[in-house]
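Hi,

Here is the structure I promised to pass on to you. Have a look at it first, and then read on for my notes on what turned up in it.

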Amino acid sequence: MSFKTKTLSAIVLATSALFGVGAQAGNVIYNTGASSTATVALGVNDDGSLNTIPNITSNAGRTGLAFKFADGSWRDATAPGCFCEGWGVSANGTASGYANVSSDGGPHNLTFGAATGVTGSTVTTTASLTSLPGLVVTQAYKPATNAPGALFRVDVTISNTTGSSLANVKYVRVMDWDVPPTEFNEFVTIKGTASTTLLEESGANGFNSANPLAAYGAAGYGCHDVDCTDAGPADHGAYFRFNFGSLADGDSYTFSIFYGAAGSEADALAAVGAEGLELYSFGQSNGGQRTGSPATYIFGFTGVGGTPVEEVPEPGTLALIGLGLAGLAAARRRKQA
């Protein structure tokens with residue numbers, strides 16, 4: 001983490017503590033519904049962003065996207081350093097609402113209440129634009145259908161009840177990866193940018209504002225509007241802005257976000273394939289970028305105009321497979337002899 005980034009984070013967090021910015025209610029949910037049996041947990045604020053209290057982790061001040069390590073400790077990949085994870089929606093190029101505890105100092109131009117549908121594994125948040133009340137975003141968090149052991153699925157529905165058609169309806173989701181055990185010094189992978197037709201801009205600037213009308217700051221962060229594999233090591237993240245076009249009065253658009261983690265890259269890729277992710281980012285520690293151990297954190301999407309990403313193992317994984325096949329062949333030769 002750079003001195004500039006550390007200083008900015010300290011200022012934001014101090015301001016938040018002083019004025020109560022971002023100190024809203026939240027819920028921690030588990031992929032099995034119980035912390036004792038779960039491997040992945042999410043901390044969801046009532047405004048729909050991650051990084052909330054209570055904190056279950058050993059390496060952060062809040063719970064964001066947490067994975068249970070082999071020693072039984074929960075370690076987070078979005079809350080260390082700064083609470084930089086959030087979302088935003090905009091319409092007509094003029095009205096926007098967004099929420100990100102640290103990067104944006106909390107929610108802006110959003111009206112929301114307490115979360116609903118709260119169980120050990122589910123939570124639903126609903127927010128509308130204060131200046132455009134009929135533009136409503138509902139985000140329903142729950143374990144993924146096909147890979148519940150590794151992923152949560154968030155069904156995001158953008159509804160228009162304003163009384164008129166909306167143009168250029170955009171949605172942003174952004175996070176700063178801080179992957180343990182080398183927080184602030186991780187490798188980032190982004191896949192699916194070329195085939196995701198509704199993707200307007202993407203990159204590895206995890207500190208960018210979640211406001212869809214704000215400019216994206218690409219300088220120095222890499223992966224700008226292209227796929228990348230193991231970019232880094234650096235203190236960076238993932239940013240995706242989608243443009244869903246026009247939304248008639250009374251209509252809605254639904255897509256899905258996925259958050260999760262696995263103990264290896266092979267298991268993470270299996271989860272990506274099981275859910276048919278069209279676009280995704282991996283966060284891996286410095287030293288874990290080949291095998292994905294001790295944890296590969298996952299952030300991805302479906303329903304955004306793409307096709308499932310076809311996965312090809314990295315060279316290190318291919319080498320391990322090759323060694324395994326060579327050993328099998330040798331064993332067969334010995335048996336035949």
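Let me begin with a term: I call it a salt bridge when a side-chain nitrogen of Lys or Arg is within 4 Å of a carboxyl oxygen of Asp or Glu. By that rule the side chains of K142 and D155 form a salt bridge, with 3.3 Å from N to O. The two residues are 13 apart and link distant parts of the chain, K142 being in strand 10 (residues 132-143) and D155 in strand 11 (residues 151-160).

Before going further, please keep in mind that this is a predicted model: local features need pLDDT of at least 70, side-chain atom pairs count only at pLDDT 80 or more, and totals for chains, interfaces and linings use all residues. Residues are numbered from 1 along each chain as its sequence is written, and side-chain values use heavy atoms, with hydrogens and water left out.

**The overall picture**

The protein has 3 helices and 19 strands, where helices (H or I, at least four residues) and strands (E, at least two) are DSSP runs numbered from the N terminus. Of its 337 residues, 54% count as buried; buried means under 20% relative accessible area, exposed over 50%, and partly exposed in between, with a 1.4 Å probe and protein chains only. The protein exposes about 12700 Å², and carbon and sulfur atoms supply 57% of that area (Shrake-Rupley method, 1.4 Å probe). Taking contacts (heavy atoms within 4.5 Å) between residues at least 6 apart in sequence, 68% join residues at least 24 apart.

V89 stands opposite G97 in strand 6.

Strand 17 (residues 252-262) pairs with strand 19 (residues 296-302) in the antiparallel sense over 7 bridges, and T296 in strand 19 is the bridge partner of A262.

Strand 9 (residues 123-129) holds T126, which is partly exposed at 38% relative accessibility. T126 and T138 are 12 residues apart in sequence, yet 4.4 Å apart in space from C-alpha to C-alpha. Neighbours within four places aside, T126 touches T111, F112, G113, V136, V137 and T138.

**Charged residues**

The whole structure contains 8 salt bridges. One of them joins the side chains of E85 and R173, at 2.8 Å from N to O. E85 lies in strand 5 and R173 in strand 12 (residues 170-176), so this pair ties together parts that are 88 residues apart in sequence. E85 is buried, at 0% relative accessibility, and R173 is buried at 0% as well.

Back to D155: its side chain also meets that of R153 in a salt bridge (2.6 Å, N to O). D155 is buried at 16% relative accessible area, whereas R153 is partly exposed at 25% and K142 is partly exposed at 33%. Elsewhere, K170, E200, E201 and R241 are linked in a network of salt bridges.

And which buried residue has no salt bridge? D104, in the loop between strand 6 and strand 7, is buried without one; R173, the nearest side chain of opposite charge, is 11 Å away (Lys and Arg count as positive, Asp and Glu as negative, while His and the chain ends are not counted). Apart from neighbours within four places in sequence, D104 is in contact with Y98, S209, A210 and N211.

Best wishes

Definitions and conventions
Two strands pair if DSSP finds at least two bridges between them.
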